[in-house]
Amino acid sequence: MNNANRLALTHWGVAFAAFAAAVILGAWQMFVRSPLHPWLSDAELYYRSVTAHGTTLGYVFPTLIVMGLGYAVCATTLDRPLRGSGWAWAGFWLLIAGTLSASVSVALGRASVLYTFYPPLTGSVFYYLGVVLVVVGSWFWIGVMLANYWHWKHTHPQERVPLALFGVMTAALLWGWTSLGAALEILFLILPVAFGWKATVDAGLARMLFSWTLHAIVYFWLLPAYIAFYTLTPKIAGGPLYSDRMARVSLIMILVFAMPIGIHHLFADPQVGSGFKFLHAVFTGMVVVPTLLTVFTLVASLEIAARLRGGRGLLRWVAALPWKRPMVLATGLSLLMLALGGAGGIINMSYALNASIHNTQFVTGHFHLIYGGAVVIMYFALAYEFWPRLTGYPLRSPSLARAQLWLWFVGMLVVTIPWHVVGLMGQPRRMAYYDWSDPQSAAQAPWVVASALGGGLLLISAGLVLIILVRSARGARAQVEPLDYALGMDRNVPLPRALNSFGVWVVLMVALTVVNYGYPIAQHFFFKNTAVPADLVAR
Amino acid sequence: MGQRIDRVGLSWSLGVAALVIIAFAVGFLWMPGAQAGGAPSLWSALCRAAGITAASGAPAAPLGAAAIPSEVIWTPTTERLIVAGDAARGSALAATCAGCHGANGIGASDQFPDLAAQPAAALYKQLSDFHSGKRVSPIMQGFAATLTEQQMADLAAHFATLPAPAAGAGEPPRLVTVGDPARGLVACAACHGPMGHKLGAPELAGQKAAYIQAQLEAFAAGTRRNDINQQMRAIAHELRAEEVSALAQYYGGAAKPASPPQGAASAAQTSADTRH
């Protein structure tokens with residue numbers, strides 16, 4: 001096994017182990033606050049669990065998946081060994097050290113601050129140092145990706161950057177820029193307080209910096225799914241990619257627009273001007289465009305594949321697709337969840353509509369459906385596709401894999417549709433318990449019971465993932481066909497150089513950040529009206 | 001080829017710039033006027049859209065001295081002062097306290113609270129509040145007036161190290177374990193233990209029932225007002241008389257098997273009665 005494959009396998013192995021542990025916590029959280037369980041006598045346990053669940057699934061799991069995908073893509077597109085694998089391993093171990101430091105602090109109850117870094121609530125120093133190490137570890141990965149990309153560009157000056165590599169580079173550049181906000185917040189605002197060097201913290205500035213990271217991080221999580229949509233699904237379905245150029249345009253739009261829009265998380269913050277809230281709402285609307293382009297391109301590619309396989313009719317061609325392949329099935333299920341979740345997202349980002357669902361369970365439902373559903377189901381499919389190539393052991397239980405994907409899909413809908421509904425009914429998020437005997441909450445109770453049962457389905461599905469991966473690695477070694485990426489139908493049409501490189505787009509991303517975030521950040525240096533005494537949870 | 005880079009990059013950048021200009025025009029010029037129901041001056045519209053209001057600038061609106069409930073602020077400096085309290089020095093100072101609070105921090109009279117094994121931060125805060133006059137008591141203000149910060153920390157350290165009074169193990173009322181969300185009442189146990197220990201909050205288990213009752217009544221009446229953010233005043237104001245006595249009995253009287261816990265059943269009952 002070459003070094004890049006070993007890196008990918010290690011990253012993904014740890015990622016899925018962490019994932020399974022965090023899903024157990026998630027299912028527990030849903031159960032204990034549902035009417036199926038008496039009120040927790042110790043609410044702190046609930047917040048401790050939310051912190052662990054969110055930190056693992058928000059920072060550790062997707063970061064490891066994207067990093068692993070980066071190495072796997074390098075191994076399959078570069079036609080030569082990975083450069084800088086020493087740095088890559090160093091990054092991995094930093095990430096592991098950070099994860100351990102953060103999870104021990106959380107487990108000891110010294111960092112029950114939820115996974116969003118919103119002061120004045122401040123946890124243990126070791127929690128934040130752990131998160132910093134995770135982020136720094138991922139920066140090592142960005143460096144390795146950049147070095148390999150530049151080397152490839154240097155040695156292949158006239159060639160088209162393979163689309164999978166282009167996608168991974170989009171993720172690396174987006175992450176590099178977007179992780180900066182939370183990193184600045186932790187280093188300059190939170191750590192001085194957590195260390196006890198400072199007594200007050202500028203909560204407004206901290207929230208602003210966190211919003212810098214908070215939205216684009218979701219696109220960083222999302223990009224592996226988009227990379228799979230563009231480069232794997234069409235090929236596995238039996239056809240070409242409808243448009244390589246459209247794929248690049250979508251990736252670039254995500255790079256440019258995903259980050260300078262985070263103030264839509266602060267619509268209820270009084271210190272942020274309404275003009276900037278509106279500006280960010282407009283640009284949040286812009287990220288709908290690459291999503292629609294992706295759905296269009298993907299469906300077009302699938303239709304071509306289906307017709308090549310003999311599919312006919314206006315819609316009957318859908319039946320001709322090889323739904324037995326986990327990647328195709330996952331793509332179909334992912335698109336359904338993306339459509340539902342995306343519609344909900346448009347409500348979240350609308351400056352006026354947001355007020356009706358701000359900080360309700362609707363928001364939790366939205367991001368679980370988009371990320372936990374549409375994106376994570378593609379992580380499973382990627383694992384099923386890459387695992388045999390990385391280990392040399394073919395996937396032993398394809399039918400179990402299909403069952404797992406269906407179970408995840410159904411479970412996620414059963415969890416999140418009720419959350420959307422009770423959110424509209426006014427249920428606040430992040431509560432350790434609800435009073436089900438109160439007439440107002442009583443109407444929500446049946447929905448909450450249903451969603452808790454959905455949590456059980458997700459738990460079973462997550463268990464199946466581990467079983468499938470472990471079983472496959474214990475089977476008989478066999479020749480696995482090498483990974484073949486889909487090529488665009490327009491692969492012979494010359495590509496503008498701007499669509500084959502990132503320079504101008506990075507400049508545009510930074511410029512838009514300055515316009516959209518410059519004043520909202522700078523205002524905190526003029527008006528210090530949001531500085532408050534810190535509230536340390538770890539003593 | 002070189003020209004095409006510039007064309008694609010440039011046209012995109014111009015498109016984004018146009019979007020920025022349109023969004024700014026709507027968000028900063030048209031919207032503030034539309035929201036106010038009339039066109040304000042250009043300058044005030046811009047300020048409002050940028051989040052600059054009359055309240056911007058001042059770190060916090062100045063409050064009258066009466067509105068500030070306590071001079072104690074839970075900064076790391078305060079915590080370090082309390083942690084550095086010297087129990088031995090405090091023990092010498094505590095001779096004065098023994099008359100009412102007992103030599104071992106457990107007094108004979110129902111009027112005076114037991115101090116033994118209270119968290120040092122809670123003891124320090126009350127001494128400091130008596131010292132600054134934020135908590136009113138003719139007796140305690142007189143004693144605390146002459147104490148220095150260090151002496152208050154020493155006394156707090158001394159009483160914190162004494163063995164705790166016996167606490168009962170009755171069934172806690174619902175108000176203690178889960179509060180009453182419908183009335184916005186947080187669980188007592190969330191700050192006063194065992195669920196959580198809010199810095200500066202006293203331990204209630206084993207405290208004298210009459211004292212707890214008197215303090216809840218004083219908070220409800222607003223005669224005691226040294227609770228930060230009016231937390232205890234807001235809670236006590238919502239409590240019914242029978243709930244106050246049930247809580248006092250649970251915390252103070254639970255030790256005596258003779259007085260059965262009235263909490264669980266009665267608090268849940270009364271809370272259900274008033275729902276509509």
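Does Val470(A) count as buried or exposed, and how many C-beta neighbours does Val470(A) have inside 10 Å? In this predicted model, Val470(A) counts as exposed because it has 12 C-beta neighbours inside 10 Å, and a residue with 12 or fewer falls in that class.

- Val470(A) belongs to helix H17 of chain A, which covers residues 445–473.
- Val470(A) and Arg396(A) are 74 residues apart along the chain, and 9.7 Å separates their C-alpha atoms.

**The contact between chains A and B**

- Chain A contributes 34 residues to the contact, and chain B contributes 40 residues.
- On the side of chain A that touches chain B, at least two residues come from each of helix H2 (43–77), helix H10 (274–286), helix H18 (503–526) and strand S3 (531–533).
- H18(A) gives the most to this side of chain A, with six residues.
- Sorted by class, the side of chain A that touches chain B comprises 20 nonpolar, eight polar and six charged residues.

**Helices H6 and H18 of chain A**

- Helix H6 (residues 203–214) of chain A packs against H18(A) at an angle of about 155 degrees, and the two axes are 8 Å apart.
- Angles over 145 degrees count as roughly antiparallel, and H6(A) and H18(A) are therefore roughly antiparallel to each other.
- The crossing in which H6(A) passes H18(A) is left-handed.
- From H6(A), the residues Gly204(A), Leu205(A), Met208(A) and Trp212(A) meet Tyr517(A), Pro520(A), Ile521(A) and His524(A) of H18(A).
- This contact of H6(A) with H18(A) holds six nonpolar residues, two polar residues and no charged ones.

**Helices H2 and H5 of chain A**

- H2(A) packs with helix H5 (residues 163–194) of chain A at an angle of about 150 degrees, with 10 Å between their axes.
- That angle makes H2(A) roughly antiparallel to H5(A).
- H2(A) also passes H5(A) in a left-handed crossing.
- Among the residues of H2(A) that meet H5(A) are Val66(A), Leu69(A) and Gly70(A), while those of H5(A) include Ala164(A), Leu165(A) and Val168(A).
- The contact of H2(A) with H5(A) consists of eight nonpolar and two polar residues, with no charged residues.

**Nonpolar cores**

- The largest nonpolar core has 185 residues, of which Leu174(A), Ile377(A) and Phe380(A) touch the most other members.
- Helix H14 (residues 361–391) of chain A gives the most to this core, with 19 residues.
- Leaving aside residues up to four places away in sequence, Phe380(A) touches Ala330(A), Gln404(A), Leu405(A), Trp408(A) and Val465(A).
- Another core, of 27 residues, lies apart from the largest one, and its members include Leu175(B), Ala190(B), Ile235(B) and Ala246(B).

**Details of the backbone**

- The peptide bond from Pro119(A) to Pro120(A) is cis, with omega near 10 degrees, and Pro120(A) is placed in the loop between helix H3 (85–107) and strand S1 (121–122) of chain A.
- Asn359(A) is not a glycine, yet its phi is positive, at about 60 degrees. Asn359(A) is in the loop between helix H13 (354–357) and H14 of chain A, and it counts as partly exposed with 13 C-beta neighbours inside 10 Å.
- Asn229(B) likewise has a positive phi, near 60 degrees, and is exposed, with 8 other C-beta atoms within 10 Å.

Definitions and conventions
Residues numbered from 1 in each chain as written. Chains lettered and ligands numbered in written order. Predicted model: local features only at pLDDT ≥ 70, side-chain atom pairs only at ≥ 80, totals over all residues. Contact = placed C-beta atoms within 7 Å. Helix = DSSP H or I, 4+ residues; strand = E, 2+ residues; numbered from the N terminus. Nonpolar A, V, L, I, M, F, W, Y, C, P; charged D, E, K, R; others polar. Axes fitted to C-alpha atoms, helices over the stretch in contact; angles between N-to-C directions. Parallel < 35°, antiparallel > 145°, perpendicular 65-115°, else oblique. Left-handed = near helix turned anticlockwise from the far one by under 90°. Core = buried A, V, L, I, M, F, W, Y, C linked by C-beta atoms within 7 Å. Buried ≥ 20, exposed ≤ 12 C-beta atoms within 10 Å, placed from the backbone.
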